[in-house]
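Biologist: I am new to this structure and would like to know what stands behind the words used for it. Could you show it to me and then take the terms one at a time?

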Amino acid sequence: MPDQMVEATRWARSAVSVSPRRKAAWFALGFVAAGIVSGVVIPHWGWRAMFVIGGIVPLVLLVPLLRYFPDSPRYLLMRGAPTRAHATLRRIDPGLPADTVIRTDYSSAEEPGRGKVPMVVDLVRGRWFLSTLLLWTAFAANLAAFYAIQSWLPTIVGSLGAPSRVVIASTVLTTIGGILAAIIIGPAMDKTNPFRTLGIVYLGGAALVAALGWVIGGGSTWALLGTAFLTGTCVTGGQMSVIALATVLYPPGMRSTGVGWALGIGRLGGIAGPLIVGSALGAGFLPRDVFFALAVVLVVASISVLMLERRSRA
């Protein structure tokens with residue numbers, strides 16, 4: 001029985017990182033689906049029809065999400081629902097014995113206060129300050145690079161005389177690469193150190209973004225498409241995976257606030273990235289130089305995550 005209790009505790013700690021990556025993978029797939037649907041809908045019914053579809057689909061999905069989307073095992077354990085926690089863990093690992101005793105070593109001292117709604121000030125107070133700052137930096141840097149590439153890659157490739165099919169393919173491949181990368185990055189984060197894994201992914205992304213800037217200026221079409229795909233595996237794949245770090249970093253009482261603010265701060269980077277790239281291109285900077293600068297941004301994201309790993313380990 002003690003071995004079964006330890007095994008269940010490890011699952012209770014790690015299982016919370018599974019669903020964010022799956023949701024992010026479907027989120028990225030939505031980029032691809034939206035492009036395909038818009039190509040069919042807009043010529044027949046106009047652009048307003050896309051907003052109607054975008055409003056109806058979430059409402060249709062709301063009912064099954066409320067019914068089938070589970071709470072995290074640690075949350076259920078802290079709310080005194082071990083049976084539901086066990087059922088959730090069995091969905092993740094059907095091999096978990098039915099008689100396993102589910103427990104958690106989570107301490108209420110980690111929460112900002114029983115019965116208290118956590119505020120953003122709790123995320124930047126005391127020992128959480130530096131960890132939250134590093135997490136926000138990683139989110140903002142990753143989304144700055146992600147949206148800058150998504151926004152400006154089609155324009156840059158098109159301005160260099162590439163046919164429309166190459167322009168579309170180069171952009172779509174960055175998203176598809178990220179979706180496929182989740183198959184590798186996700187298990188790697190679960191089996192090894194998640195912070196270290198993502199830090200390495202960002203470093204690889206920095207090298208690939210720099211390479212993308214190089215091939216845009218004079219590489220072949222196949223080199224461009226191949227590099228765009230590989231860039232997506234790290235940049236888009238990293239964007240999918242960084243959400244899992246927030247769920248691992250914060251205790252259940254702070255998790256929703258921590259994830260929400262990390263995403264919000266990250267969006268600021270997502271807004272600033274394309275604007276800065278546009279200003280740089282307008283000022284006469286070469287596309288290669290812009291992509292080299294985006295590579296540096298991903299190095300910053302990598303350093304932030306690796307520093308966060310050291311704090312988490314301590």
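Modeller: Let us begin with a pair of side chains, Glu 309 and Arg 196, which meet in a salt bridge with 2.9 Å from N to O. This is a predicted model, in which local features need pLDDT of at least 70 and side-chain atom pairs count only at pLDDT 80 or more, while totals for chains, interfaces and linings use all residues. Residues are numbered from 1 along each chain as its sequence is written, and side-chain values use heavy atoms, with hydrogens and water left out.

Biologist: Why is the contact of Glu 309 and Arg 196 called a salt bridge?

Modeller: The term asks for a side-chain nitrogen of Lys or Arg within 4 Å of a carboxyl oxygen of Asp or Glu, and because the N to O distance for Glu 309 and Arg 196 is 2.9 Å, the pair meets that definition.

Biologist: What makes Glu 309 buried?

Modeller: Buried means under 20% relative accessible area, exposed means over 50%, and partly exposed is in between, with a 1.4 Å probe and protein chains only. Glu 309 has a relative accessible area of 5%, and is therefore buried, whereas Arg 196, at 40%, counts as partly exposed.

Biologist: How do you know that H9 and H12 are roughly antiparallel?

Modeller: Helix H9 (residues 194–218) and helix H12 (residues 287–313) pack at an angle of about 175°, with their axes 8 Å apart. The axes are lines fitted to C-alpha atoms over the stretch in contact, and angles run from 0 to 180 degrees between N-to-C directions. Angles over 145 degrees count as roughly antiparallel, under 35 as roughly parallel, 65 to 115 as roughly perpendicular and the rest as oblique, and H9 and H12 are therefore roughly antiparallel to each other.

Biologist: How many salt bridges does the structure hold?

Modeller: The structure holds two, and one of them joins Arg 125 with Asp 122, whose closest N and O atoms are 3.1 Å apart.

Biologist: Are Arg 125 and Asp 122 buried or partly exposed?

Modeller: Arg 125 has a relative accessible area of 44% and is therefore partly exposed, while Asp 122, at 5%, counts as buried.

Terms used:
Helix = DSSP H or I, 4+ residues; strand = E, 2+ residues; numbered from the N terminus.
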